[in-house]
Amino acid sequence: MNLLEEQPIGIFDSGIGGTSIWKEIRSLLPNEKTIYLSDSFNAPYGHKTKQKILELSIKNTEFLIKQNCKIIVVACNTATTNAIQHLRQNYNIPFIGIEPAIKPASILTQSKKIGILATKGTLNSELFEKTSSRIDQEIEIIEQIGEGLVELIENNQIDSKEMYNLLLSYLQPMIKENVDCLVLGCTHYPYLIPKIREIAGKDLKIIDSGEAVAKQTKKILKERNLLSSKTNAVNESIFYTNKSKTVLESILKEYTNVIIEEKDF
């Protein structure tokens, strides 16, 4: 057996949002150990400079490498679009990134109008600009910075009146523009899908990257002979957060073999 096989998958995000990615990875790869780093103290990354995002991404990467992770999933759109190129050039470990799923939306849209809800850091990044420039020029992309959404999610305010009103203000202009696909450009935002449906109705196609990231993680592990050879076992998942673990406990309560620790890093 390859000893690297049984080392964990490392995942980091600017808070709890990347747990939406972790859930997809856990579902697709139940035999894998995972270590999740929630940098909630510094959330959101979307307001920060590129240099600061890079510094935080390096810090998170080095923490996970010290935990003997065999692959690192950058479960944060802002960190991916601003830092993953540097990480891949400077660390001898495979990285899986996440960026807004504009391409699938461009295939699915009938109205030729796509909405994207994302952080300022993602929408202003070179990688996002490059990705969106490859889309059919007939398709209009309507961008909306999700100012304040991450903070409310991090503070367990998903069902608050403030959250509803904020989402309403962001979605109504898109609905009026006849957007038929909404790309969620932040891993926190899948937790808002029930609220988005409440406002926009069932016909709006909502697209996030979680399943695609899990499939890409499996593909890279398989190519490098790093998939766990264990079967019929749900392995331990460790979550580290540098703020209160209350929100993590709430969104992970139905999962077994999960350890959540508060830790300074």
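Q: Which residues does L127 touch, leaving out those up to four places away in sequence?
A: In this predicted model, L127 touches T80, T81 and E99 once residues up to four places away in sequence are not counted.

Q: And how far is L127 from T80, in sequence and in space?
A: The two are 47 residues apart in sequence, while their C-alpha atoms are 8.7 Å apart in space.

Q: Switching to helix packing, how do α2 and α3 cross?
A: The axes of helix α2 (residues 50-66) and helix α3 (residues 77-90) come within 9 Å and cross at roughly 65°, so the two helices are roughly perpendicular to each other. The crossing of α2 and α3 is right-handed.

Q: Which residues meet there?
A: From α2 there are K50, I53, L54, S57, I58 and T61, and these meet T78, A79, N82, A83, H86 and L87 in α3. Sorted by class, the contact of α2 with α3 has six nonpolar, five polar and one charged residues.

Q: What about T61 in particular, is it buried or exposed?
A: T61, which is found in helix α2, is buried, with a relative accessible area of 0%. Not counting residues up to four places away in sequence, T61 touches F12, I72, L87, Y91 and F95.

Q: OK, the core next: which residues touch the most other members in the largest nonpolar one?
A: That core has 47 residues, and V73, L167, Y189, L192 and I196 are the ones that touch the most other members. Helix α8, spanning residues 161-176, gives the most to this core, with five residues.

Q: What is V73 in contact with, apart from neighbours within four places in sequence?
A: With those neighbours left aside, V73 is in contact with I9, G10, I11, F12, I21, I25, I96, V213 and T217.

Q: How many residues are in the second core?
A: The second core, which is separate, has 20 residues, including I35, I53, L64 and I238. I53 is also one of the α2 residues that meet α3.

Q: Last one: where is R197, and what does it contact?
A: R197 lies in helix α9, residues 193-200, and, leaving aside its neighbours within four places in sequence, R197 is in contact with K202, L204 and I206. Its relative accessibility is 31%, so R197 counts as partly exposed.

Terms used:
Residues numbered from 1 in each chain as written. Predicted model: local features only at pLDDT ≥ 70, side-chain atom pairs only at ≥ 80, totals over all residues. Heavy atoms only, no water. Axes fitted to C-alpha atoms, helices over the stretch in contact; angles between N-to-C directions. Helix = DSSP H or I, 4+ residues; strand = E, 2+ residues; numbered from the N terminus. Parallel < 35°, antiparallel > 145°, perpendicular 65-115°, else oblique. Left-handed = near helix turned anticlockwise from the far one by under 90°. Contact = heavy atoms within 4.5 Å. Nonpolar A, V, L, I, M, F, W, Y, C, P; charged D, E, K, R; others polar. Core = buried A, V, L, I, M, F, W, Y, C linked by side-chain atoms within 4.5 Å. Buried < 20%, exposed > 50% of the residue type's maximum accessible area, 1.4 Å probe, protein only.
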